[in-house]
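Trainee: I'm looking at this one for the first time, and the whole thing is a bit much. Please pick a single part and take me through it slowly, along with whatever sits around it.

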Amino acid sequence: MRLIARLLLLSVIALVAATPPAYATPPPDRLAALARGVNLTNWFRFPARADDEALRTYLPDSAIAALRRAGFTFVRLAVQPELLDAVPQRLALLVQVVRRLQRAGLTVVLGPHPTTWHLEQSAADRDRLLAFWRRLAPALRPLDPRLTYPEILNEPVFADTPNAWEALQTEALAVVRTALPDATVVLTGSNWGGIDGLSALHPVTDPPVTDPPVTDPPVTDPNVIYSFHFYEPSELTALAAYRPNLDRAALARLPFPMDPAGCRAAADSTSDTATSGLITFVCSMRWNAARVGARIAQAATWGRHNHAAVLLGEFGASQALNAPARLAWLEAVRRACEQHGIGWAIWGYDDMMGFGIDPRTPARSTMDHATLLALGLADGP
């Protein structure tokens with residue numbers, strides 16, 4: 001009998017040794033809260049009016065309720081550090097706004113969207129990022145951690161020095177953790193936070209199993225989620241805004257999916273050689289829903305390989321783009337995210353890459369029905 005018991009014990013030990021360890025990610029309810037989101041881009045970033053009353057009333061309760069009713073589960077609130085620095089009491093106002101959004105049933109992701117920082121070149125600006133979190137993180141402590149997600153930084157560049165960004169992000173995460181030990185923190189890769197930057201990132205979640213084992217594993221933090229942004233191809237979504245003096249009207253005729261006839265018609269619609277050549281070039285890539293899905297799959301694969309949760313924190317397409325192409329592209333991105341279980345946030349409620357609403361104009365306060373449908377949402381009752 002003792003021999004049998006010993007054999008059973010040895011079998012259990014062998015089974016445990018052969019079973020890969022479980023990898024911790026944020027709790028399922030934290031991930032579910034980030035299913036469908038919208039960026040609020042001009043509330044605490046480039047506001048038309050920066051006085052406290054205008055900031056306090058930027059969105060009425062009815063507009064916030066409409067977001068929840070449409071099916072959005074969270075908002076991503078862009079915060080311009082310079083705006084908080086200008087008036088000390090503005091931090092308290094920001095916290096009040098977050099509470100309003102949360103009372104309406106919306107989770108809030110928020111973090112710095114600086115306009116004057118140059119973190120790659122400036123040690124002083126890197127210190128400003130850490131100081132921002134030393135100030136904001138304690139202010140967020142009274143809020144429900146299940147509804148409050150600090151995001152370290154919007155679109156870090158560090159294109160040539162991704163390791164420098166990783167070191168800075170890890171330092172900033174430690175600052176946040178000092179004040180918010182239970183918060184789910186949003187991290188991102190370098191190179192403007194795109195998929196390529198994410199793919200090059202070494203996560204701070206549990207390291208993958210390696211053979212031989214890692215002798216000096218990175219600092220681990222399971223309660224984080226990794227964000228990436230997606231606007232590909234930018235010649236379609238942003239009408240090649242990175243290049244001046246092009247024929248934007250012709251670019252706005254680009255089709256999606258990119259079929260030969262539609263591409264030829266767009267190229268032939270302009271007399272500008274540079275624009276025609278760019279249209280021909282981007283059309284040669286044959287962007288369609290499958291190609292969009294393949295790019296989103298790269299982010300999903302990175303997440304699986306690194307046992308990390310990922311989030312599409314920004315995507316959108318210019319309202320100047322022809323409606324059929326724009327709506328098809330938005331739907332393709334949204335469906336690709338759904339296929340891989342990735343939450344998403346459109347940029348933005350008050351930006352022309354999304355709904356383009358100006359809250360100061362009541363007549364434009366209703367979200368576009370076709371855009372909502374492309375996002376798999378509805379107007380609600």
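Mentor: Two strands pair if DSSP finds at least two bridges between them. Strands here are DSSP runs of E with at least two residues, while helices are runs of H or I with at least four, and both are numbered from the N terminus. Keep in mind that you're looking at a predicted model, where local features need pLDDT of at least 70, side-chain atom pairs count only at pLDDT 80 or more, and totals for chains, interfaces and linings use all residues. Residues are numbered from 1 along each chain as its sequence is written, and side-chain values use heavy atoms, with hydrogens and water left out.

Let's take the sheet as our part. Go and find eight strands forming an open sheet, with parallel pairing. Read across, the order is β4-β3-β2-β1-β8-β7-β6-β5. At the edges you'll see β4 and β5 (185-188), each with a single partner strand, so one side of each has no neighbour in the sheet. On average, neighbouring strands are turned by 30 degrees against each other, ignoring direction; the axes behind such angles are lines fitted to C-alpha atoms, for helices over the stretch in contact, and angles run from 0 to 180 degrees between N-to-C directions. What holds strands together in general? Strands of a sheet pair through backbone hydrogen bonds, either parallel or antiparallel.

Now zoom in on β7, which spans residues 309-315. It's mostly covered: seven of its seven residues are buried, where buried means under 20% relative accessible area, exposed means over 50% and partly exposed is in between (1.4 Å probe, protein chains only). On one side, β7 runs parallel to β6 (residues 224-230), and six bridges join the two. Then look at β8 (residues 343-346), which pairs with β7 in the parallel sense over three bridges. There, L312 stands opposite W344 of β8.

R334 sits in helix α15 (residues 323-339) and, leaving aside its neighbours within four places in sequence, touches W344, L373, A374, L375 and G376; contact here means heavy atoms within 4.5 Å. Is R334 buried or exposed? With a relative accessibility of 6%, R334 counts as buried.

Other helices lie against the sheet too. One of them, α8, goes across β4, β5 and β6, and runs at about 175 degrees to β5. Then there's α14, which packs on the sheet and touches β6 and β7, its direction making about 160 degrees with that of β6.

Next, hop over to L198 in helix α9 (residues 195-199). L198 has 0% relative accessibility and therefore counts as buried. Apart from neighbours within four places in sequence, its contacts are G189, Y226, F228, A299, W302 and V310. Check F228 in particular: L198 and F228 are 30 residues apart along the chain, yet their C-alpha atoms are separated by 6.6 Å.

As background, most residues other than glycine have a negative phi, and most peptide bonds are trans. P233 belongs to the loop between β6 and α10 (234-237). There's another cis peptide bond from W347 to G348, with omega near -10 degrees, and G348 is in the loop between β8 and α16 (369-374).

E155 isn't a glycine, but its phi is positive, at about 45 degrees. You'll find E155 in the loop that goes from β4 (148-150) to α8 (162-179), and with a relative accessible area of 22% it is partly exposed. R286 is another non-glycine with a positive phi, of about 55 degrees. Its place is the loop between α13 (273-283) and α14 (289-305), and at 64% relative accessibility R286 counts as exposed.
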